[in-house]
Amino acid sequence: MPGTAAAAATATAMEPVEPQSLKKLSLKSLKRAFDLFSPIHGHYRPSDPASKQIRISYKLNAEYGSVKNLSSNQGQDQVSNDANAQRDKAPTSSALALPGKDDIKDLQKGGSENAIIPGPTIPPKTLESGISSRSVSGAVVSISGSFERYPSTSALMERIPSKWPRPTWHPPWKNYRVISGHLGWVRSIAFDPSNSWFCTGSADRTIKIWDVATGRLKLTLTGHIEQIRGLAVSQRHTYLFSAGDDKQVKCWDLEQNKVIRSYHGHLSGVYCLALHPTIDILLTGGRDSVCRVWDIRTKAMVCALSGHDNTVCSVFARPTDPQVVTGSHDTTIKFWDLVAGKTMLTLTHHKKSVRSLALHPTEQTFVSGSADNIKKFSLPKGEFLHNMLSQQKSIVNSVAVNEDGILATAGDNGSLWFWDWKSGHCFQQAQAIVQPGSLDSEACIYALSYDVSGTRLVTCEADKTIKMWKEDEMATPETHPLNFRPPKEFRRY
């Protein structure tokens with residue numbers, strides 16, 4: 001017995017070991033390394049095309065083996081017999097039976113049989129994309145096994161309508177008057193509070209006052225020695241304020257038609273100008289990166305709001321905090337505490353220079369125009385609301401909004417776009433036409449403003465003209481339909 005056991009052990013030890021090729025050993029090593037060090041450990045390995053083809057052919061044989069070799073007539077007879085047998089088994093009901101939770105779980109497990117739903121044909125709205133349906137004899141609907149590939153019930157869910165506000169229909173605007181008179185680029189505009197006249201500042205160093213109703217020239221003021229970048233008309237005094245590239249800020253008395261005060265302090269050109277609505281102070285911003293606050297009567301500089309890293313090119317004032325809001329070429333918008341003379345908040349949403357700001361006349365919101373986007377913010381906290389739904393693809397020199405919720409934006413390429421304020425939908429894209437004798441490159445709009453009533457728009461352009469726009473009275477929603485598609489997703493920054 002012991003000898004027999006020893007002989008058997010010797011024979012077992014002497015059995016030849018199965019030779020394994022270097023390729024097989026390396027594959028085993030690869031598999032072990034995948035299990036140990038794979039970054040997607042715990043996930044399924046990528047499918048093998050050959051095994052996938054075998055699995056598909058097996059599934060076809062399992063599901064359709066009994067009918068795949070039949071002729072077309074035999075196949076129709078077979079389907080009709082199956083449908084009749086299923087109708088006899090099913091209880092008579094006019095209700096539509098949809099797959100329940102258990103049925104969907106069975107489908108997701110990859111069952112080999114299709115779910116048969118008795119009842120009338122499901123309308124197309126019920127079966128969304130991702131589920132293929134087939135009506136057999138007008139009574140049976142078969143849902144294919146797409147749940148196996150996409151284990152989701154989203155196709156059966158009801159579509160939720162977009163929550164984006166639908167824009168209000170506005171008639172298109174048309175150009176009804178072109179005024180020529182300046183000898184240089186027209187850079188700035190301001191309206192009289194009585195809405196009887198407006199003034200424009202130009203690169204020809206003059207300020208011209210025009211009649212709103214007729215467009216005729218009423219007065220020309222001279223005194224600046226560089227182009228005039230900013231204008232503002234006081235609501236409580238007979239004063240007109242102007243600022244220009246000559247570092248000067250002037251106060252004009254319109255009863256005497258002459259300069260009565262000058263405000264000295266800017267170290268470079270002055271690009272923007274605004275009046276406080278309730279206090280007798282003046283705000284100016286320029287290339288020295290500072291927004292200066294002036295006392296109108298004493299000509300003294302109250303304070304300098306410093307914090308921007310580049311040119312301050314837009315400013316507006318409010319009666320309540322933040323009382324001063326500035327936009328700069330450093331791409332930021334700053335809210336200022338006027339009492340402390342310090343920054344309250346800095347908005348860094350833009351990627352390009354913020355050349356223009358516009359406060360809504362009735363809402364607590366404002367809009368900022370830049371080459372990257374036109375953005376809407378809330379006040380007083382400065383919360384970002386949304387972008388306008390299109391990109392003007394131009395440097396936006398000026399923006400303006402009226403009480404009807406129509407936002408107008410002027411581009412450096414002569415584009416004039418009109419937007420619905422609430423939804424951000426652009427309902428009209430106009431293009432400035434240069435006057436005869438001008439270069440096509442002079443199709444540029446530097447400034448624009450609505451009149452006090454908000455029914456007329458005036459644009460100041462590089463071809464030395466002033467154009468006046470109004471709504472087209474003949475337009476209707478039928479002649480100019482609203483072509484609006486709500487955004488699928490919108491940026492929150």
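Figure 1. With a relative accessibility of 23%, Arg456 falls in the partly exposed class; here buried means under 20% relative accessible area, exposed over 50%, and partly exposed in between, using a 1.4 Å probe and protein chains only. A quick word on the model: it is a predicted one, where local features need pLDDT of at least 70 and side-chain atom pairs count only at pLDDT 80 or more, while totals for chains, interfaces and linings use all residues. Residues are numbered from 1 along each chain as its sequence is written, and side-chain values use heavy atoms, with hydrogens and water left out. Arg456 meets the side chain of Asp451 in a salt bridge, 3.1 Å from N to O. The term salt bridge stands for a side-chain nitrogen of Lys or Arg within 4 Å of a carboxyl oxygen of Asp or Glu. Asp451 has a relative accessible area of 4%, so this residue counts as buried.

Figure 2. A search of the whole structure turns up nine salt bridges. One of them pairs Lys174 with Asp472, with the closest N and O atoms 3.9 Å apart. This pair ties distant parts of the chain together: Lys174 sits in strand β4 (residues 173-180) and Asp472 in the segment after β31 (465-471), 298 residues apart. Strands (E, at least two residues) and helices (H or I, at least four) are DSSP runs, numbered from the N terminus. At 34% relative accessibility, Lys174 is partly exposed. Through shared partners, salt bridges join Lys174, Lys470, Asp472 and Glu473 into one network.

Figure 3. What distance, N to O, goes with the salt bridge between the side chains of Asp288 and Arg292? The answer is 3.2 Å. As background, side chains of opposite charge can pair when their charged atoms come close.

Figure 4. Two strands count as paired if DSSP finds at least two bridges between them. β25 runs antiparallel to strand β26 (residues 406-411), and five bridges join them. Val396 faces Gly411 of β26. The loop between β25 and β26 holds Asp404, which is exposed at 52% relative accessibility. From C-alpha to C-alpha, Asp404 and Ser453 are 10.0 Å apart in space, against 49 residues in sequence.

**Figure 5. The open sheet β17-β18-β19-β20.** This open sheet also has four strands, in the order β17-β18-β19-β20, with antiparallel pairing. Its edge strands are β17 (312-317) and β20 (342-347), each pairing on one side only. Neighbouring strands here are turned by 25° against each other on average, direction ignored. Strand β19 (residues 333-337) and β20 run antiparallel and are joined by five bridges. Which residue in β20 is the bridge partner of Lys334? It is Thr346.

**Figure 6. Strand β9 and its hairpin to β10.** Six of the six residues of β9 (residues 228-233) are buried, so the rest of the structure largely encloses this strand. A hairpin of five residues leads from β9 to β10. Five bridges hold β9 to strand β10 (residues 239-244), and the two run antiparallel. Val233 has Leu240, in β10, as its bridge partner.

**Figure 7. Cysteines without a disulfide.** The structure holds zero disulfides, taking a disulfide as a pair of cysteine sulfur atoms within 2.5 Å. For Cys199, the closest cysteine sulfur is that of Cys460, 9.5 Å away and too far for a bond. Cys199 is buried at 0% relative accessibility. Cys426 is buried as well, with a relative accessible area of 11%.

Methods. Axes are lines fitted to C-alpha atoms, for helices over the stretch in contact, and angles run from 0 to 180 degrees between N-to-C directions.
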